[in-house]
Amino acid sequence: MPIKQIKKFFSGPAPRLTREEAMKVFQRDHFKCRYCGLDGLHRFENWLILTVDHVHPHARGGSRSMENLVTACQPCNLLKGKRTYASFEEAKTHVLAKREEWQRVFHEQVKSSGTPAAG
Ligand SMILES: [Zn+2]
C-alpha cells in the first residue's frame with residue numbers, strides 16, 4: 001500500500017462538525033466569511049453557502065478547536081484548498097489573491113460576451 005494511502009487510512013475522513021459546533025463558529029465570526037467578508041446574514045443566498053473551514057486542514061493534523069476553525073463561504077473554502085499555511089493571515093492572502101485572479105477572468109468573459117458587468 002503506498003504511503004499516501006496508508007496515511008489516509010489512519011487519519012480517516014474529516015469528522016463532520018455538529019450543527020452546534022458550526023453555529024458556535026458562525027456566531028463568533030458574526031456569520032461573515034473570514035476571508036472575503038461576505039455577510040451571511042445579508043441575504044439567504046449568502047447564508048446558504050457559509051461553511052466552517054479548518055485553517056490547518058484536519059487531513060494534515062489540524063485540530064477541531066475554535067482557534068483552528070473559521071467561517072468561510074464555499075468559494076473561499078474551495079480556493080483555499082487543502083494546502084497548509086503558516087497562519088490564517090497567510091491563507092487569507094492566498095485566498096484573496098485567487099479571488100482577484102478569478103475576478104479578472106470573470107471580467108474578461110463578461111467583456112467578450114457583450115453583457116454589461118454586474119460586479
Ligand atoms: Zn468568502
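1. Donors are N, O and S atoms within 2.8 Å of the metal (3.2 Å for Na, K and Ca), and because water is not among the atoms, sites may look incomplete. In this predicted model, the zinc ion is coordinated by the SG atoms of Cys33, Cys36, Cys73 and Cys76, at 2.3 to 2.4 Å. Along the chain these donors follow the spacing C-x2-C-x36-C-x2-C.

2. The model is predicted, with local features needing pLDDT of at least 70 and side-chain atom pairs counting only at pLDDT 80 or more, while totals for chains, interfaces and linings use all residues. Residues are numbered from 1 along each chain as its sequence is written, and side-chain values use heavy atoms, with hydrogens and water left out.

3. What is the geometry of the site of the zinc ion? The site is tetrahedral, with angles of 101 to 118° among its four donor atoms.

4. Buried means under 20% relative accessible area, exposed over 50%, and partly exposed in between (1.4 Å probe, protein chains only). Cys33 counts as buried because its relative accessibility is 3%, whereas Cys36, at 30%, counts as partly exposed.

5. How many salt bridges does a search of the whole structure find? The search gives six, a salt bridge being a side-chain nitrogen of Lys or Arg within 4 Å of a carboxyl oxygen of Asp or Glu. One of them joins Asp53 and Lys80, with the closest N and O atoms 3.3 Å apart. This pair links distant parts of the chain, since Asp53 is in strand 1 (residues 50–54) and Lys80 in helix 4 (residues 74–80), 27 residues apart. Asp53 and Lys80 are both buried. Helices (H or I, at least four residues) and strands (E, at least two) are DSSP runs, numbered from the N terminus.

6. Asp29 takes part in two salt bridges: one with Arg28 (3.0 Å, N to O), and one with Arg34, where the closest N and O atoms are also 3.0 Å apart. Asp29 is buried, at 7% relative accessibility, while Arg28, at 33%, is partly exposed. Arg34 is partly exposed too, at 31%.

7. Strand 1 is mostly covered, with five of its five residues buried. Leu50, Val52 and His54 point one way, and Thr51 and Asp53 the other way. Strand 1 pairs with strand 2 (residues 69–73) in the antiparallel sense over five bridges; pairing requires at least two DSSP bridges between the strands. Thr51 stands opposite Ala72 in strand 2.

8. A search of the whole structure finds three aromatic pairs. Rings of Phe, Tyr and Trp (its six-membered ring) pair if their centres lie within 6.5 Å; planes under 30 degrees apart count as stacked, over 60 as edge-to-face and the rest as tilted. Tyr35 and Phe88 form a tilted pair because their planes are at 45°, with the ring centres 5.2 Å apart. Both Tyr35 and Phe88 are buried.

9. Phe44 and Trp47 form a stacked pair, 5.9 Å centre to centre with 20° between the planes. Both lie in helix 3, three residues apart, about one turn of the helix. Phe44 is exposed, at 51% relative accessibility, and Trp47 is partly exposed, at 39%.

Terms used:
Four donors count as tetrahedral if all angles lie between 85 and 135 degrees; four count as square planar and six as octahedral if opposite donors are over 155 degrees apart and all others between 65 and 115; anything else is irregular.
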